[in-house]
Amino acid sequence: MSKQRHPSGRPGVGDDGPAPGAIPGPHRAAPGGSRPEGASGGLVAPRPPAEGESVPAPGRAGRGATPWPDRMRPLVRTPMAERPVLAGAEPQQRPGPAEASRVLDLALRVGESLLASGESAEDVEGAMLGVAHAYRVYPCEPQVTFTLVAISYQPTPDDAPLTAERAVRRPASDYTRLAAVFRLVSAITAGEVAAEDACRRLAALTARRRPPYPGWFLVLASGLLAGSATLLVGGRSDGRAWLVFASAFVAALTGERLAALVARHDLPEFYCFVIAATPAAAIGSLLSLNGLHLRGSVVITGGLFALLPGRPLVAAAQDGLTGFYLTAAARLVEVLYLMAGIVIGVMTVLYLGVSNDADLTPDATPGSTVNPPLQLAAAMLLALAFAVLLRTDRATLTLVALNSAVGWTTYAVLAEAGVEPILATGLAAGLVGLFGQLMARYRAMSALPHVTAALGPLMPGSVLYFGMLAFVQGRPEAGCTWVGRACATAMALAIGVNLGGEVARLFLPASGPVFTSRRPVGRHRR
């Protein structure tokens, strides 16, 4: 529930009122700067441009146009005291308190949807700021933390501030909803959607609806992810390799079902990861106990690829690099807890396997290219399965596969040339971020659906397995070295993809909104 603090007792965002689809409006400002017609209860629509005024043209949210994150990012990175005034935002043309509170509610709901879908904190603030500016609620200050979005509006120093906030309880990745909300914000900031229509469309997007893929297909995707990871790591296509593929597939399905069973009892996500990690470790250990040499270690590594929290890791690094240290720290703590759950689940079974003389030592070093064509196909299949689990819309799957092929090919070429694996991972992630950003700009979408799943083949699953195995075998120094390499690889992934996105923005500069201030726009907000 949203909360509002207003000394005057005016109706606010958290008050019981009409549903989003029933909010009256739209209302446009009357000539001469008077109050909007019917301003007693309606939301305002974007202000019509004055004669000779330069404003973003309608339709700039389409292909080839500057995305709204680029137009809002300079404002988000500027301190409130130094933030320039938006042209045409004169006090007499701003909405009244009732209308402003409903605009803030719309901005909060947009921010909540984006944050719950995995968007970065900076872009969430940019979206909230863009929505508020589109309906002349200015100046305002959005704030985003890991599980909370808030916004404050104070038209003049003499007015009491209007503040509202909403909690994001259980963030879950849904890139189809993320893309839909992103397009809605693009239309709002381009002045193409009245506030009433925006509320109605957002309510339809956030309401419970049919997922893009059926439940059985998501379960199948988790198995394909683990199975393709065995081909990526093993690099073999003989009969035993396909048996290992099937074993990893079954282990991932079993782990997913067990985790879903635990989640039904509302246990923390940490325990779900502990349970989900044990089947792969158990099946891998059993395969290593016989004389068939079925490479049970590859099954365990495939299970790790299916469980590694790549999305929150990339989001944490992006938030930290853009100055949202509180949100970045919270995301990193989330990653650490999830990783701890995976390590506990795997190492508990590994202790049993090693004590019973299971041969769990891999044949190849992490990231080695044994069979490049097969590994490239496995990398693309892994990325596709990852994209399905993130509920990416079907039109984006082909681009995700192509972007993953670019990343894995770059890494393989650099690794074969003798480049340090961590550096090769960072460079490959940079290209993934660059191409993902270009794809997103062409399609007027968020870059996350094009980037996150494409990073799946570069995740440090095999490196992490080497570290856990070393600890189990009584080699703590080697274990610390491998775990350190896994952390460094993960950071190289996150920093590389962020740098690639910034390079894309550097060569495609934004044409921001019109301001009436002599102060230069700053580069960093906090």
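1. A residue is taken as buried when its relative accessible area is under 20%, as exposed when over 50%, and as partly exposed in between, with a 1.4 Å probe and protein chains only. The model under discussion is predicted, so that local features need pLDDT of at least 70 and side-chain atom pairs count only at pLDDT 80 or more, whereas totals for chains, interfaces and linings use all residues. Residues are numbered from 1 along each chain as its sequence is written, and side-chain values use heavy atoms, with hydrogens and water left out.

2. Strand β4 (residues 162-167; strands are DSSP runs of E with at least two residues) is largely enclosed by the rest of the structure, because 6 of its 6 residues are buried. L162, A164 and R166 point one way from β4, while T163, E165 and A167 point the other way, and all are buried.

3. The partner of β4 is strand β3 (residues 148-153), which runs antiparallel to β4 and is joined to it by 6 bridges; pairing requires that DSSP finds at least two bridges between two strands. Within this pairing, E165 of β4 is the bridge partner of A150.

4. L321 lies in helix α10 (residues 310-321), and its relative accessibility of 45% is why L321 counts as partly exposed.

5. As for the cysteines, C140 counts as buried because its relative accessibility is 1%, whereas C487 is partly exposed, with a relative accessible area of 48%. With a disulfide defined as a pair of cysteine sulfur atoms within 2.5 Å, the count comes to 0 disulfides.

How values were computed. Helices (H or I, at least four residues) and strands (E, at least two) are DSSP runs, numbered from the N terminus.
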